[in-house]
Amino acid sequence: HAIASQVTKMNLAPVYVTAERFTNEFIVAIRERKTEGFRAKYRSADVLLVDDIQFLAGKEQTQEGFFHTFNELHNANSQIVLTSDHPPRSLALLEDRLRSRFEWGLIVDMQPPDLETRIAILQQKAATQPQRVPPEVTDYVAHKVLKNIRELEGSLNRILAYADLTNQPISLELASQALADLYYGPNKPTIEPQEI
């Protein structure tokens, strides 16, 4: 989304799609005999952004369609950005010709953000809220959520909603209550069989 936002500012036409949606649209285009419209949509992009490309694995017809789209865009010097939870060579059910094309470009391993980055993300999001979020709350959340930015923002949203619903100011105690059932940390309670 950040890439799409940036290229839009550069007056380029991005197309963002998940691999699942690409597959579904491809199937519908074939079934309804609207392949020209499908091709036009994806092959006219200045920048094609495809999320979770690993979902094309094992879908031979969709891979064929994507192969031709990839080639068309590459030949037109358009940018193609793909995300996957594995590097291309680990995608066993992907056709070799697609896998090799995916390896043409720059492959970047994205790691979870460090503590300082998580705090900065939370502070930036908190600054857009009408309620004041104390720094100790953003620090608390950043220490609880280690890997996923969506969870990080979701946790802050949960705290904001909890404060709003209970009519309480945001505090460390309130944050702890709001997130209690989500993140137990190392002291997660043990449930014994007789309790079940």
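**Entry 1: α2 and α4**

I began with helix α2 (residues 19–31) and α4, which pack at an angle of about 100° with their axes 10 Å apart. The model is predicted, so I noted its limits: local features need pLDDT of at least 70, side-chain atom pairs count only at pLDDT 80 or more, and totals for chains, interfaces and linings use all residues. Residues are numbered from 1 along each chain as its sequence is written, and side-chain values use heavy atoms, with hydrogens and water left out.

Some terms went down at once. Helices (H or I, at least four residues) and strands (E, at least two) are DSSP runs, numbered from the N terminus. Axes are lines fitted to C-alpha atoms, for helices over the stretch in contact, and angles run from 0 to 180 degrees between N-to-C directions.

How do α2 and α4 lie to each other? They are roughly perpendicular (65 to 115 degrees; under 35 is roughly parallel, over 145 roughly antiparallel, the rest oblique). From α2, Phe22, Thr23, Phe26 and Ile30 meet Gln61, Thr62, Gly65, Phe66 and Thr69 of α4 (contact means heavy atoms within 4.5 Å). I sorted these residues into 4 nonpolar, 5 polar and no charged. Here Ala, Val, Leu, Ile, Met, Phe, Trp, Tyr, Cys and Pro count as nonpolar, Asp, Glu, Lys and Arg as charged, and the others, Gly among them, as polar.

**Entry 2: α6 and α8**

Next I took helix α6 (residues 115–127) against α8, and found an angle of about 45° with the axes 10 Å apart. That makes α6 oblique to α8. The crossing is right-handed (the near helix is turned clockwise from the far one by less than a right angle; anticlockwise is left-handed). Arg118, Ile121, Leu122, Lys125 and Ala126 in α6 touch Ile149, Leu152, Glu153, Leu156 and Asn157 in α8. The contact divides into 6 nonpolar, 1 polar and 3 charged residues.

**Entry 3: α7 and α9**

For helix α7 (residues 135–144) and helix α9 (residues 172–179), I read axes that come within 9 Å and cross at roughly 30°. The two are therefore roughly parallel. Glu136, Val137, Tyr140 and Val141 of α7 make the contact with Leu172, Ala175, Ser176 and Leu179 of α9. I listed 6 nonpolar, 1 polar and 1 charged.

**Entry 4: isoleucine 80**

Where does isoleucine 80 sit? I found it in strand β3. Beyond its neighbours within four places in sequence, isoleucine 80 is in contact with Leu48, Phe70, Leu73 and His74. Isoleucine 80 and arginine 101 are 21 residues apart in sequence and 11 Å apart in space, C-alpha to C-alpha.

**Entry 5: the largest pocket**

Last, I looked up the largest pocket, with a volume of about 1,800 Å³. It has 39 lining residues, and Asp51, Leu82, Thr83, Ser84 and Met110 lie nearest its centre. A pocket is an open set of points on a 1 Å grid over the protein atoms alone, where a 1.4 Å probe fits, with protein on both sides within 12 Å along at least five of seven lines; lining residues have an atom within 4 Å of a point. Grid points are joined across faces, edges and corners, and the volume is the space filled by probe spheres set on the points. β3 gives the largest share of the lining, 4 residues. I counted the lining as 22 nonpolar, 10 polar and 7 charged.
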